[in-house]
Structure formats: C-alpha cells, structure tokens
Amino acid sequence: MPARSELTPALRERICELHSAVHWGYKRIHNRYPWISLSTIRYTIKKEHERRAGVTKPRSGRPKKLDATDKVRLLDAISNNPRITYEDLLTEVSHKVKIDSIRRLLNAENLRKWRCSWRPYLTEEAALKRLRWAFRYRHFTPKDWARVFWSDECTVERGIGVRREWTFVRPRDQPKEGQCQGLPHRGKQVKQMFWAAFSGAMRRTGLIPLFGNPDAERTGITGFVIEELYRRILPTLVLNEGAIFQHDNAPIHTAYVVRDALREMNIEVMEWPPHSPDLNPIENLWALLKAKIYELRPDLIYMRNNDTTKEILVATAQQAWDELDLDHLKHLSETMPNRVEAIIESQGWYTPY
C-alpha cells in the first residue's frame with residue numbers, strides 16, 4: 001500500500017482547535033474531514049503537546065550510511081575530476097551504498113552529470129592565435145562589427161536539423177492521442193551544399209547552391225568553384241567603403257586562386273584564427289535555417305531519395321533563408337564583442353558559443 005501524505009501543519013492546528021476550543025469529539029471531526037481516518041485524528045490530538053505550530057518533530061529514521069566525511073570526499077573527488085564516473089565515486093566511499101544513493105546525495109547538492117559539449121579540438125598554438133585575434137579586434141564597436149560580411153558553406157541534408165516537438169500528453173498516452181513525432185529516414189539522404197554571407201547592417205546574399213568541379217579528381221567543391229563564386233558575388237556585395245569580408249581557413253578558401261582573386265578585387269579580408277566556428281555568427285543562422293525548412297515543408301523528411309526531392313529541398317532551403325528575420329542579422333553581429341571577451345576570458349580556449 002503506498003504511503004499516505006502527512007497532514008499539513010495548518011490542518012493539524014485546525015483539528016486540535018476543534019477538539020480543545022470547540023469541544024468536538026473525534027467522530028464529529030472525522031465527519032468534517034472524512035478523508036482523514038479516525039485513528040489519525042486521535043493520534044494528531046494526542047501528540048499536540050509535542051509539536052510546535054503544527055510541525056511534527058523530525059523522525060530519527062535509519063542511520064545514514066554516508067556521513068559528513070564521505071560527502072566531503074565525494075565533493076572533493078568531483079572538484080578534482082569533473083568527469084569522474086559513478087563507479088569511481090563508489091570507490092571513494094568504499095562501496096558503502098549503491099549508485100542511486102550517490103546520485104540522490106549529489107542531486108541534493110544541485111550536482112548532476114551533463115553530456116560534454118562537442119567543440120573542435122584546440123592545440124596551444126591554435127588557442128594562442130585565437131587569443132591574438134581577440135586582442136586585435138577587441139577595440140571594434142558594434143558599428144565596426146556591422147561592416148563585417150560573415151560567410152560560410154553549409155550542407156543541408158534531408159532529416160538533419162529537425163527539432164524535437166513537445167506535448168503536454170504523457171509518453172504512454174501519446175500513441176493513442178496521435179502525439180508521437182515521426183522519425184526521419186536513416187542512412188544516406190539527399191543533400192545540397194550552399195554558400196551565403198550576411199552583415200550586421202542587415203544585408204545578405206541569397207542562399208547559393210554549390211556544385212562540384214567536374215574537372216577535379218573527385219568532382220568536389222574546389223578553390224576554382226569558390227573563386228568563380230567570389231568574383232561573381234563579392235564586387236556587388238562589398239561595395240561600401242570600409243567593408244570587411246570574412247571566411248574561414250578551409251583549404252578551398254586559402255587556395256592561391258582564391259587569394260589572388262580577393263587581392264585583385266581589392267577586398268579586405270579579416271584575419272581568421274584556426275578552429276573557430278564559435279566566432280562566426282553565421283553558424284547560428286544555419287541552425288535557424290534548418291529548423292525553418294521543416295516549418296515550411298514538414299513532409300520533406302518522409303519523401304523519397306530522388307532528384308525531385310532534392311529540387312524541393314533546394315527550393316525550400318532558399319525560401320527559408322529569404323524568410324529569416326533580418327533582425328537576426330543585426331542581433332548576431334552585436335554578439336561579437338561578447339564573443340571576443342569570452343575568448344580573452346578563456347585565454348583562447350573554448351567559449352560557450
């Protein structure tokens with residue numbers, strides 16, 4: 001039989017008041033509160049003198065197996081090694097208890113295990129370059145950052161980026177209530193690589209599909225593809241005086257043909273540290289884009305893998321890009337001072353972005 005909840009202090013006070021001040025008997029009080037058993041009413045009145053303000057004395061209970069010293073030992077072990085396993089924590093307390101007991105104790109201390117975030121691997125040399133970059137651009141104001149055109153490539157693959165939906169229906173009732181979310185197809189899916197750029201002045205390019213170089217050995221995206229793209233897009237994009245163009249250190253961006261093309265077009269290119277997607281605000285736009293695609297075409301994840309589906313994917317992605325709120329561009333650009341300070345605070349290592 002499940003344990004019944006205790007009476008509240010206010011209800012205990014009321015029962016005792018009816019008995020002592022109004023002189024009600026046990027049965028009459030039971031008729032007034034029929035969900036409270038007669039024996040509970042008798043016991044509550046009998047123990048009135050042992051309580052203060054209706055609050056019962058703490059029960060002694062079974063002695064705890066973990067004492068204060070064990071608790072300190074556990075907290076010290078976590079402080080020294082945040083990735084310590086529960087099995088190793090059991091060893092710290094000589095296996096006095098089971099894992100569930102340790103988990104409850106840590107929950108009471110507001111400690112729980114979190115999955116480690118994925119970040120690009122950083123070396124000391126890369127962290128130093130990131131730190132130098134931060135100090136170089138630390139003086140930039142929001143107005144300065146608005147001059148920067150952020151660019152990148154993104155591969156949109158069918159089924160990737162679908163957001164989990166939430167419902168007030170409990171999991172066990174979701175099948176009969178029709179509240180389950182369908183899984184996208186697994187395995188290799190149709191996909192397309194795109195390129196885009198934006199600035200904090202709320203200017204952006206279209207979402208441009210990229211196609212491989214048929215003359216290349218692997219017919220993939222090469223520096224020649226990027227060179228042709230830059231020569232076609234950048235002269236009309238980076239027109240205003242003082243504009244700065246940003247791209248990362250991917251091999252297709254550092255190719256000689258690309259560097260020569262940017263030099264010929266007299267375009268100022270921002271120095272970029274290695275392994276730093278957390279500094280490029282366009283990465284946040286890609287997440288918004290992928291979510292927007294399935295808002296426009298939720299049926300896309302269930303379509304067949306064929307050329308028609310790929311055409312729909314490309315068209316929907318371009319529509320989703322065009323419908324992204326322009327305010328996002330300004331807000332993302334305005335996060336740059338915080339990103340710079342985050343790098344300086346972490347001495348060039350990982351940031352929350």
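The points below go from the whole chain to its core and then to one helix pair.

1. **Ground rules.** This is a predicted model, with local features needing pLDDT of at least 70, side-chain atom pairs counting only at pLDDT 80 or more, and totals for chains, interfaces and linings using all residues. Residues are numbered from 1 along each chain as its sequence is written, and side-chain values use heavy atoms, leaving out hydrogens and water.

2. **The chain overall.** You will find 16 helices and five strands; these are DSSP runs numbered from the N terminus (helices are H or I, at least four residues; strands are E, at least two). Of the 353 residues, 37% are buried, meaning under 20% relative accessible area with a 1.4 Å probe, protein chains only. Among contacts (heavy atoms within 4.5 Å) with a separation of 6 or more, 71% join residues 24 or more positions apart.

3. **The largest core.** The largest nonpolar core has 40 residues, and Trp133, Trp145, Trp150, Met270 and Leu289 have the most contacts inside it. Such a core is a set of buried Ala, Val, Leu, Ile, Met, Phe, Trp, Tyr and Cys residues joined through side-chain atoms within 4.5 Å. Elements that each supply at least two of its residues include helix 7 (124–136), strand 1 (148–157), strand 2 (191–199) and helix 16 (336–345). The largest share, six residues, comes from helix 13. Apart from this core lies another of 18 residues, among them Phe149, Trp195, Leu210 and Ile267.

4. **Trp133.** Which residues does Trp133 touch, leaving aside its neighbours within four places in sequence? Its partners include Trp145, Met270, Trp272, Pro273, Met336, Val340 and Ile343.

5. **Helix 16.** The buried residues here are Met336, Arg339, Val340, Ala342, Ile343 and Ile344. Their cover includes helix 7, helix 8 (142–145), strand 1, helix 13 and helix 15. After helix 16 comes Gln347, with a positive phi near 60°, so do have a look at that spot.

6. **Helix 7 against helix 16.** These two pack at an angle of about 135°, with their axes 9 Å apart; axes are lines fitted to C-alpha atoms over the stretch in contact, and angles run from 0 to 180 degrees between N-to-C directions. On the helix 7 side, Arg130, Leu131, Trp133, Ala134 and Phe135 meet Met336, Val340, Ile343 and Ile344 of helix 16.

Conventions
Buried < 20%, exposed > 50% of the residue type's maximum accessible area, 1.4 Å probe, protein only.
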